Amino acid sequence: MKILLVEDEPTLRHGLTDLLEGAGYGVVALADGAQAAARGSEADVDLVVLDLTLPGLDGLEVCRRLRSTRPGLGILMLTARVQEDDKVLGLGSGADDYVTKPFAVRELLARLEALARRAKRESAAPEQIEIDGCQIDLGRCTANRGGDTVGLTAREARLLRLLYQNRARAMTRGELLEKVWEASSSLQTRTVDMTIANLRQKIERDPAVPRIITTVKGVGYAWGPR
């Protein structure tokens, strides 16, 4: 598996390259944001470790461009910024995860391993699904109904893929939090419900009467009509 490492500080870039290569990854190391946006769009890159503060094209814009050209690419943002607003901006630009400097080596590797496992699972899943008149392309993160195409976020595509893979049963909100957001299943949040509500607006014939993502009272959500 190949990682694109984007870090403008030479000492840290060399140290991270050694660390990642020692963990068995192939590494392409760059310091320039524009070069990173171009290199990351190539198909041989599996994951990206991206510094937020870069000269010229900053990490947020690099992340947006990569998410646009390769919606399913795993992106881990690495930065010294620790304010909550910065984390929200990073995740809002399309990053899958966020690690602040200074970081623990084991935590960084564990988060990358989780992204790598997800990438392997998703590469084996179907990329195109048709249901209730909606054509969903999970690889391109798009949905089309009646000739109108809308974009899906990478997280929305992961959520759809997970529900489809487990279509024989309903999934709890806790399961979805763990597997899609990699958060604790006990976290008290409306994130799952809000994401599904937004997703229904994009893919359902009638969001008020959903037939693609259905609610199972007392459990959570399921794929397809009951």
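**Exercise 1.** Find the strand order of the open sheet of five strands, and name its edge strands.

*Solution.* Step 1: the order is 2-1-3-4-5, with parallel pairing. Strands (E, at least two residues) and helices (H or I, at least four) are DSSP runs numbered from the N terminus, and two strands pair if DSSP finds at least two bridges between them. Step 2: strand 2 (26–30) and strand 5 each pair on one side only, which makes them the edge strands. Step 3: on average, neighbouring strands are turned by 20 degrees against each other, direction ignored; axes are lines fitted to C-alpha atoms, for helices over the stretch in contact, and angles run from 0 to 180 degrees between N-to-C directions.

This is a predicted model, where local features need pLDDT of at least 70, side-chain atom pairs count only at pLDDT 80 or more, and totals for chains, interfaces and linings use all residues. Residues are numbered from 1 along each chain as its sequence is written, and side-chain values use heavy atoms, with hydrogens and water left out.

**Exercise 2.** Describe how strand 4 pairs with strand 5.

*Solution.* Step 1: strand 4 (residues 74–79) pairs with strand 5 in the parallel sense, over four bridges. Step 2: opposite Thr79 stands Thr100 in strand 5.

**Exercise 3.** Locate Pro102 and state which peptide bond joins Lys101 to Pro102.

*Solution.* Step 1: Pro102 sits in the loop between strand 5 (97–100) and helix 5 (105–124). Step 2: the bond joining Lys101 and Pro102 is cis, with omega about -5 degrees. Step 3: most peptide bonds are trans.
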